[in-house]
Amino acid sequence: MSLLLENVRKSYKEPNGHRLPVLGIDRYALEQGEQAALVGSSGGGKTTLLNVISGILAPDSGQVVVDGRDIAKLPEAVRDRFRAAKIGFVFQTFNLLPAFTALENVLLGMSFSGRGVDREFAITLLDRVGLRSRMNHTPQRMSVGEQQRVSVARALANKPALLLADEPTANVDPGNQDLILNLIKDTCKENSVTLLMVTHAMEVANTFERVDRLSDFNKPEASPQEASA
Ligand SMILES: Nc1ncnc2c1ncn2[C@@H]1O[C@H](COP(=O)(O)OP(=O)(O)OP(=O)(O)O)[C@@H](O)[C@H]1O
């Protein structure tokens with residue numbers, strides 16, 4: 001079992017002191033190497049769920065077990081190291097470092113993982129996302145879709161156990177959409193990486209054997225006083 005959420009509750013504190021319940025998940029699991037698309041309405045809690053799975057946000061209660069460890073229970077420094085080593089991200093907003101080239105962004109991602117830097121693998125990944133001729137460009141000198149492709153290469157470079165992707169094809173044209181989707185899926189399959197991909201695009205979701213609708217398994221409670229964070 002690569003990912004298991006049990007009895008996970010998450011709410012946000014609103015300015016008036018009330019709590020906005022966003023997640024109420026009794027059980028959600030992905031097997032190692034499984035690939036799922038996650039769909040749901042805007043504001044439904046998809047990004048919150050990814051942030052809870054990765055340990056960026058602490059749940060109010062419940063278990064979030066990634067690769068056998070309940071990350072919600074790990075001390076912060078241990079959780080940060082665990083995340084860097086085990087979880088890859090493709091963010092909606094790329095989060096590339098502006099002062100560094102495409103290649104350096106991928107290499108830096110590798111160095112944070114603690115696995116050591118494999119320059120050849122970084123170049124191979126950039127080649128596979130069609131950026132061999134852009135490796136020495138900084139983000140400012142790349143199109144939005146090219147930046148997105150760098151962020152995909154960076155996420156895969158760490159050989160994560162779990163890859164979380166938040167709308168990774170939102171900013172690219174249809175040709176590059178297929179390229180990025182196939183790169184992510186094939187690389188995950190080759191390395192038995194578990195993949196959870198948030199998307200609004202049904203044509204993207206429908207390329208997955210497993211499509212999970214958040215509202216089917218997420219029942220935020222109306223009684224937020226239980227929440228503590
Ligand atoms: N930091 C925050 N503080 C308070 N409320 C928040 C915060 N972040 C998100 N929310 C609220 O939580 C709900 C879920 O937000 P989230 O971003 O997880 O949804 P989403 O499904 O990813 O939406 P979208 O598809 O539009 O990106 C929304 O109603 C949002 O307004």
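Student: Which residue is the bridge partner of Tyr12 in β2?
Tutor: Leu20 is the partner of Tyr12 in β2. One caution before we go on: this is a predicted model.

Student: Noted. How many bridges join β1 to β2?
Tutor: 10 bridges join them, and the two strands run antiparallel.

Student: What about the hairpin of β1 and β2, which residue there takes a positive phi?
Tutor: Gly17, with phi near 90 degrees. Five residues lie between the strands of that hairpin.

Student: What is the strand order in the antiparallel sheet?
Tutor: The order is β2-β1-β4-β5, an open sheet of four strands. β2 and β5 (69-70) are the edge strands, each pairing on one side only.

Student: How many bridges are there between β1 and β4?
Tutor: Five, in the antiparallel sense, between β1 (residues 3-13) and β4. Leu4 in β1 has Val65 of β4 as its bridge partner.

Student: Val65 again: what stands opposite it in β5?
Tutor: Asp70 does. Next in the list, Val66 stands opposite Arg69 of β5. β4 (residues 61-66) and β5 pair over two bridges, antiparallel.

Student: And the hairpin of β4 and β5, how many residues sit between the strands?
Tutor: Two residues. Asp67 in that hairpin takes a positive phi near 50 degrees.

Student: Switching to the ligand. Which residues surround it?
Tutor: Tyr12, Leu20 and Val22 are among them.

Student: What is the shell like by class?
Tutor: It has seven polar residues, three nonpolar and one charged.

Student: Where does α1 lie relative to the strands?
Tutor: It lies across β3, β6, β7 (162-166) and β8. Its angle to β7 is about 155 degrees.

Student: What order do the strands of that parallel sheet take?
Tutor: β6-β7-β8-β3-β9, an open sheet of five strands. The edges are β6 (87-90) and β9 (210-213), and each pairs on one side only. From one strand to the next, the twist averages 20 degrees.

Student: On to helices. At what angle do α3 and α4 pack?
Tutor: At about 130 degrees, with their axes 10 Å apart. That angle makes α3 oblique to α4. The crossing is right-handed.

Student: Which residues meet there?
Tutor: From α3, they are Ala102, Leu103, Val106, Leu107 and Met110. From α4, they are Arg119, Ala122, Ile123, Leu125 and Leu126. By class, nine are nonpolar, none is polar and one is charged.

Student: α3 against α5, how do their axes cross?
Tutor: At roughly 25 degrees, and the axes come within 8 Å. So α3 is roughly parallel to α5. α3 passes α5 in a right-handed crossing.

Student: Which residues make that contact?
Tutor: α3 supplies Ala102, Asn105, Val106, Gly109 and Met110. α5 supplies Val150, Ala153, Arg154 and Ala157. The contact has six nonpolar, two polar and one charged residues.

Student: Last pair: at what angle do α5 and α6 cross?
Tutor: Roughly 5 degrees, with the axes coming within 11 Å. α5 is therefore roughly parallel to α6.

Student: And what residues are in contact?
Tutor: In α5, Gly145, Arg149, Val152 and Leu156. In α6, Asn176, Ile180, Leu183, Ile184 and Thr187. The classes are five nonpolar, three polar and one charged.

Conventions
Residues numbered from 1 in each chain as written. Predicted model: local features only at pLDDT ≥ 70, side-chain atom pairs only at ≥ 80, totals over all residues. Axes fitted to C-alpha atoms, helices over the stretch in contact; angles between N-to-C directions. Parallel < 35°, antiparallel > 145°, perpendicular 65-115°, else oblique. Contact = placed C-beta atoms within 7 Å. Nonpolar A, V, L, I, M, F, W, Y, C, P; charged D, E, K, R; others polar. Near = placed C-beta within 6 Å. Pairing = 2+ DSSP bridges. Left-handed = near helix turned anticlockwise from the far one by under 90°.
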